[in-house]
Amino acid sequence: MFFSVEMVLIDAEGGRIQASIRKAMIRKFKNSIVEGGVYKMIYFGLIENCGEYRASFHQFKLLFQPRTRIFPTESEVIPRFGIQAKISEELRETNGKSDYMFDFIGVLTAVGEEKEFKKFGRPIRVLEIELTDDKGVMKCSLFGRFIQMMKDFVANGVDDLGILVIQFAKVKEYMGQISLNTVGNSTRLLWNAQIPEVTSFKN
């Protein structure tokens, strides 16, 4: 049961803003938008960007309304992913108390053993990895479908450094350790992606 559909929109300057389609409007717009598509929008609302899982640092987020209109268009300048990577030092400084989700790029330097624990009586699987940038090591905890994704990435092998992009992940603190955790269907993993942000990281 969906109470809303959340998305992140990117403009030509790479700026991000979160948008929301509430339950009553999902049927109206569910076939109008495809991830990766480019659109012109008019007649939308603005509400405060709040909550514990904010995908944008913008003060507001867009709200689809009955009068909202969407027109497919094209653009060669809008970035595909709009990655706004933080360095490991900045993530550690949050102490796991930020309401925002973050992007991070790092070299895969360690993969732990898959573990299982119980939360509210339900079994939860987790795979811990380490990513390194020029400011240090960032521990990451992968949950659910991201565990198999990571295993597939490693199994395929690489000829160069294995560089992982984690987009829309939450910084958590547990027993004094800071880690970057995947979040349900929100997080995106990109492995050795041929994108400008990874090229810049390598340089």
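F168 lies in strand 12. The model is a predicted one. The phi angle of F168 is near 60°, a positive value in a residue other than glycine. Because its relative accessible area is 8%, under the 20% limit, F168 is buried.

A positive phi also occurs at N192, where the angle is near 50° and the residue is again not glycine. N192 belongs to the loop between strand 14 (188-191) and helix 4 (196-202). With a relative accessible area of 22%, N192 is partly exposed.

Strand 12 also holds L164. Is L164 buried or exposed? Its relative accessibility is 0%, so L164 counts as buried. Leaving aside residues up to four places away in sequence, L164 touches F104, I105, G106, I129, L131, M150, F153, L189, L190 and W191. One of these, F153, is eleven residues from L164 in sequence, and their C-alpha atoms are 9.5 Å apart.

Q148 is placed in helix 3 (residues 145-156). Its relative accessible area of 43% makes Q148 partly exposed. Between Q148 and L127 there are 9.3 Å from C-alpha to C-alpha, at a sequence distance of 21 residues.

| Residue | Relative accessible area | Class |
|---|---|---|
| L164 | 0% | buried |
| F168 | 8% | buried |
| N192 | 22% | partly exposed |
| Q148 | 43% | partly exposed |

**The chain as a whole**

The protein chain contains four helices and 14 strands. Its C-alpha atoms fill a box of roughly 50 × 45 × 30 Å along the principal axes. Of the 203 residues, 36% are buried. Among contacts with a separation of 6 or more, 61% join residues 24 or more positions apart. The accessible surface comes to about 12,700 Å², and carbon and sulfur atoms account for 51% of this surface.

Rolling a probe the size of a water molecule over the atoms shows where empty space is left. The largest pocket holds about 1,400 Å³ of space. It is lined by 43 residues, and those closest to its centre are E6, M7, V8, L9 and E35. Two or more lining residues come from each of strand 1 (4-10), strand 2 (16-22), helix 1 (23-29) and strand 3 (39-42). Strand 1 supplies the largest share, with seven residues. By residue class, the lining divides into 26 nonpolar, ten polar and seven charged residues.

The second largest pocket contains about 640 Å³ of space. Which residues lie nearest the centre of this pocket? They are E128, S141, F143, Y174 and N181, out of 22 lining residues. The elements giving two or more residues to this lining are strand 9 (115-119), strand 10 (122-133), strand 11 (136-143), strand 12 (163-174) and strand 13 (177-181). Strand 10 gives the most, with five residues. The lining of the second largest pocket comprises nine nonpolar, five polar and eight charged residues. Strand 12, which contributes to this lining, is also the element in which F168 and L164 are found.

Terms used:
Residues numbered from 1 in each chain as written. Predicted model: local features only at pLDDT ≥ 70, side-chain atom pairs only at ≥ 80, totals over all residues. Heavy atoms only, no water. 1 Å grid on protein atoms, 1.4 Å probe; cavity = no way out; pocket = protein on both sides within 12 Å on 5 of 7 lines; lining within 4 Å. Points joined across faces, edges and corners; volume = space filled by probe spheres on them. Nonpolar A, V, L, I, M, F, W, Y, C, P; charged D, E, K, R; others polar. Buried < 20%, exposed > 50% of the residue type's maximum accessible area, 1.4 Å probe, protein only. Contact = heavy atoms within 4.5 Å. Areas by Shrake-Rupley, 256 points an atom, 1.4 Å probe, with all protein chains shown as cover.
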